[in-house]
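I list what I looked up, entry by entry.

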Amino acid sequence: MAATADLSAPGELSDREREAIEALLYRLADDEFVIADRYTDWQVHAPTIESDIAIANIAQDELGHARLWYDLLEDFGYTEPDLIWERDPDTFRHSTLCELPFAEGDWADAIVRSYLYDEAEHLRLEALEDSSSPRIRDRIGKVTSEEDYHREHAENWLRRLAGGDEGRERVQDAVDRLFPHALSLFEPVGEIEDDIDDLGLRTRTLEDMRAEWIETVTDTLTGIGIDVERPRVKDGRVAEEDLPEHVGRDGDHTEHWRTHFDEITNTYRELDRHDATRLMEDPDDE
């Protein structure tokens, strides 16, 4: 593994290094940004005041994490309008798990989605702790401390919901619906995956992380009485029939994404903006 990629000196990167870093950062930032906005759908609608506050805090955390990763992309000359508000929605690289609308009125959907996502995020962050990119490494501690709370919140609610017959049925329905989309979090896209690994930007492959994620979430879910159909894997790839029709990582999104993006950017467009106030300030930049 090479250890030459250094975001503190973006002008000194080779084209290969820059493309690999950008691919990795776009996934990190887009996942966090889109799922954060989806979480806001539950504000004032969660089942308890405490859960309402918790989901609002989680959404805020995820927006902050998106800010950290988008900031690194700005090192390459992009502006916030380039990265979000004026961007072609087909260029977003988030997993389709993040963009799906919630099943109407179903808190189990929000909890299962959060659990599946946060377990994957935990593994992804661990694989970045010793990244060859110092600026990526420097951000991992802050993100991990908050993501640990997200995982705990999701798993506690998961067990609570599965404690009764009706809740367990709702969790099962959500798992059946969302599990294939969660697999897309680990879907590779072309030769760029080899570059990300060879340059040491992450220390575990997508295949390796996916295998551990499947074991972890399957053990947890079956332990609370939920059936999980394990995906078929051949030559390191999940069988096409076990993945959703759209995976997102390659820019191929569900029918819901363009509508969601239009909602996100509606105010920006209505005000005829051409620049943007920062999404969130990074306290480290103050």
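Entry 1, α1 and α2. I looked up the handedness of the crossing of α1 and α2 and found it left-handed (the near helix is turned anticlockwise from the far one by less than a right angle; clockwise would be right-handed). The model is predicted, so I note that local features need pLDDT of at least 70 and side-chain atom pairs pLDDT 80 or more, while totals for chains, interfaces and linings use all residues. Residues are numbered from 1 along each chain as its sequence is written, and side-chain values use heavy atoms, with hydrogens and water left out.

The axes of α1 and α2 come within 8 Å and cross at roughly 155 degrees. Axes here are lines fitted to C-alpha atoms, for helices over the stretch in contact, with angles from 0 to 180 degrees between N-to-C directions. That angle makes α1 roughly antiparallel to α2 (over 145 degrees; under 35 is roughly parallel, 65 to 115 roughly perpendicular, the rest oblique). Helices are DSSP runs of H or I with at least four residues, strands are runs of E with at least two, and both are numbered from the N terminus.

I then listed the contact (heavy atoms within 4.5 Å). On the α1 side it includes L25, L28, F33, I35 and Y39, and on the α2 side it includes I55, L63, W69, Y70 and L73. By class, the residues of the contact of α1 with α2 divide into 17 nonpolar, one polar and four charged. Nonpolar means Ala, Val, Leu, Ile, Met, Phe, Trp, Tyr, Cys and Pro; charged means Asp, Glu, Lys and Arg; the others, Gly among them, are polar.

For helix α2 (residues 49-74) and helix α6 (residues 134-161), I read axes that come within 11 Å and cross at roughly 160 degrees. The two are therefore roughly antiparallel to each other, and their crossing is left-handed. Residues of α2 in this contact include A54, I58, D61, E62 and W69, which meet a set in α6 that includes R139, K142, E146, H153 and W157. The class count for α2 with α6 is ten nonpolar, four polar and eight charged residues.

H153 is buried, with a relative accessible area of 9% (buried is under 20%, exposed over 50%, partly exposed in between, with a 1.4 Å probe and protein chains only). Leaving aside neighbours within four places in sequence, H153 is in contact with A54, I58 and I111.

R27, L28, D31, E32, I35 and Y39 of α1 make the contact with R113, S114, Y117, E121 and R124 of α5. I noted four nonpolar, one polar and six charged residues for α1 with α5.

E126 also lies in helix α5. At 33% relative accessibility, E126 counts as partly exposed. E126 touches T203 and R204, not counting residues up to four places away in sequence.

The structure holds twelve aromatic pairs (rings of Phe, Tyr and Trp, the last by its six-membered ring, with centres within 6.5 Å; planes under 30 degrees apart are stacked, over 60 edge-to-face, the rest tilted). The rings of W42 and W107 have centres 5.1 Å apart and planes at 75 degrees, so this pair is edge-to-face. W42 sits in the loop between α1 (15-39) and α2, and W107 in helix α5 (residues 107-126), 65 residues apart. Both W42 and W107 are buried.

For W85 and Y268, the centres are 6.1 Å apart and the planes at 15 degrees, so the pair is stacked. W85 belongs to helix α3 (residues 80-85) and Y268 to helix α11 (residues 266-270), 183 residues apart. Both W85 and Y268 are buried. I also found F33, Y70, W85 and Y268 in one aromatic cluster.

I located T265 in the loop between α10 (255-264) and α11. T265 is buried, with a relative accessible area of 0%, and touches I84 and W85, not counting residues up to four places away in sequence.
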